[in-house]
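Hello, and thanks for looking over this model with me. Please have the chain open while you read the points below.

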Amino acid sequence: MLQKIDHIGIAVHSIAQARIFYEQALGLHCEQIEEVPSQQVRTAFFSLGETKIELLEPMSDDGPIAKFLQRRGEGVHHIAYRSDNAAAQLKKAEKAGCRLMNTTPIAGAGGKQIGFLH
């Protein structure tokens, strides 16, 4: 069911500041900036081959990315795998003993269905 690594999510305090590094130092182009209110996050996507890099900026002080930044600072937040069936993939992970943040897929950036697990 898994097809490939879709993107790597990186938590940052400011997309505007982090964007300078990705565009000037790495030569990548910001393709899209989007707000995902359900996750209290603003995202920016950069393509690198078939994989994307997603910058995650908190929209509030109490959202999941804000809490991550408070605990761990800026850095890799998640690796997203593309699946042809997110709901079935979450059930399979749960059955294998994974702790799920989402038992069913939720709306994420780019209109994708997502689910987080530890």
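1. Strand β2 (residues 30-36) runs antiparallel to β3, and six bridges join the two. Strands here are DSSP runs (E, at least two residues) and helices are runs of H or I with at least four residues, both numbered from the N terminus; two strands count as paired if DSSP finds at least two bridges between them. Across this pair, Q32 stands opposite F45 of β3. The hairpin has four residues between β2 and β3, and Q40 in the turn has a positive phi of about 55 degrees.

2. A word on the source before going further: this is a predicted model, where local features need pLDDT of at least 70 and side-chain atom pairs count only at pLDDT 80 or more, while totals for chains, interfaces and linings use all residues. Residues are numbered from 1 along each chain as its sequence is written, and side-chain values use heavy atoms, with hydrogens and water left out.

3. F45 has E54 as its bridge partner in β4. Two residues lie between these strands, and G49 in this hairpin takes a positive phi near 65 degrees.

4. Which residues make up the largest nonpolar core? There are 11: I10, V12, I15, A18, Y22, L28, C30, A44, F46, I53 and L55. Such a core is a set of buried Ala, Val, Leu, Ile, Met, Phe, Trp, Tyr and Cys residues joined through side-chain atoms within 4.5 Å. Two or more residues each come from α1 (15-25), β3 (41-48) and β4 (51-58), with α1 giving the largest share, three residues. A second, separate core has nine residues, among them V41, L56, I65 and A109.

5. Beyond its neighbours within four places in sequence, A44 is in contact with I15, C30, Q32, I33, I53, E54 and L55, contact meaning heavy atoms within 4.5 Å.

6. The search of the whole structure finds zero disulfides, a disulfide being a pair of cysteine sulfur atoms within 2.5 Å. C30 is buried at a relative accessible area of 7%, whereas C98 is partly exposed at 30%. Buried means under 20%, exposed over 50%, and partly exposed in between (1.4 Å probe, protein chains only).

7. Finally, the record: an unreviewed UniProt entry lists "domain: VOC" for residues 4-118, and such annotations may be inferred rather than shown by experiment. Over that range the chain is 26% helix and 38% strand, with its end C-alpha atoms 19 Å apart.
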